[in-house]
Amino acid sequence: MDKSAVAHRADGTDRPDWQASRLAELVLHLTGCTAEEALSAVADPEPSRRLSNDEALERVARAIVAVRK
């Protein structure tokens, strides 16, 4: 999967995975990791639901730390 695939998955908010895709895209651009690493780093082990702004920010921060290890 390449960067355009992450961006394509992030298009539109009518799909339940749009928020995770947008967070993965942010992680990808902030760290320079691969798209797979970014998607994996923000993966939610719980059932999909929309995160609050604070939860989304925490998820991105944790993903950046995970990717940089």
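Which residues have the most contacts inside the largest nonpolar core?

1. The model under review is predicted. Its largest nonpolar core has 14 residues, and those with the most contacts inside the core are L23, A24, V27, A38, V42 and V60. Three helices, α2, α3 and α4, each supply at least two residues of this core.

2. On the overall architecture: the protein chain contains four helices and zero strands, and its elements run α-α-α-α from the N terminus on. Of the 69 residues in the chain, 29% are buried. The chain exposes about 4,700 Å², of which carbon and sulfur atoms supply 53%. Among contacts with a separation of 6 or more, 50% are between residues 24 or more positions apart.

3. Helix α4 covers residues 53-68, which makes 16 residues. From first C-alpha to last it reaches 23 Å, close to the 22 Å expected at 1.5 Å a residue. The buried residues of α4 are A56, V60, A63 and I64. Viewed down the axis of α4, these buried residues fall within an arc of 100°, so they line one face of the helix. On the other side of α4, D54 and R62 are exposed.

4. What do the buried residues of α4 pack against? Their partners are α2 (18-31) and α3 (35-41). V60 illustrates the packing in detail: leaving aside its neighbours within four places in sequence, V60 is in contact with L23, L26, V27 and L30. V60, L23 and V27 are also among the core residues with the most contacts.

5. Helix α2 has 14 residues and reaches 20 Å from its first C-alpha to its last, close to the 20 Å expected at 1.5 Å a residue. The buried residues of α2 are W18, Q19, S21, L23, A24, E25, V27 and L28. Just after α2, G32 takes a positive phi of about 75°.

6. Q19 deserves a separate remark. Q19 lies in helix α2 and has a relative accessible area of 12%, so Q19 counts as buried. Leaving aside neighbours within four places in sequence, Q19 is in contact with R49, R50, L51 and A56.

7. How many salt bridges does a search of the whole structure find? The search finds two. Side chains of opposite charge can pair when their charged atoms come close.

8. E25 is buried, because its relative accessible area is 16%, under the 20% limit. R22, at 43% relative accessibility, counts as partly exposed.

9. The other salt bridge joins the side chains of R62 and E58, at 2.8 Å from N to O. Because they are four residues apart in helix α4, R62 and E58 are separated by about one helical turn. An α-helix has 3.6 residues a turn, so residues three or four places apart point the same way. R62 counts as exposed at 57% relative accessibility, whereas E58 is partly exposed, with a relative accessible area of 42%.

Methods. Residues numbered from 1 in each chain as written. Predicted model: local features only at pLDDT ≥ 70, side-chain atom pairs only at ≥ 80, totals over all residues. Heavy atoms only, no water. Expected span 1.5 Å × (residues − 1). Buried < 20%, exposed > 50% of the residue type's maximum accessible area, 1.4 Å probe, protein only. Arc of directions from axis to C-beta. Contact = heavy atoms within 4.5 Å. Core = buried A, V, L, I, M, F, W, Y, C linked by side-chain atoms within 4.5 Å. Areas by Shrake-Rupley, 256 points an atom, 1.4 Å probe, with all protein chains shown as cover. Salt bridge = Lys/Arg side-chain N within 4 Å of Asp/Glu carboxyl O.
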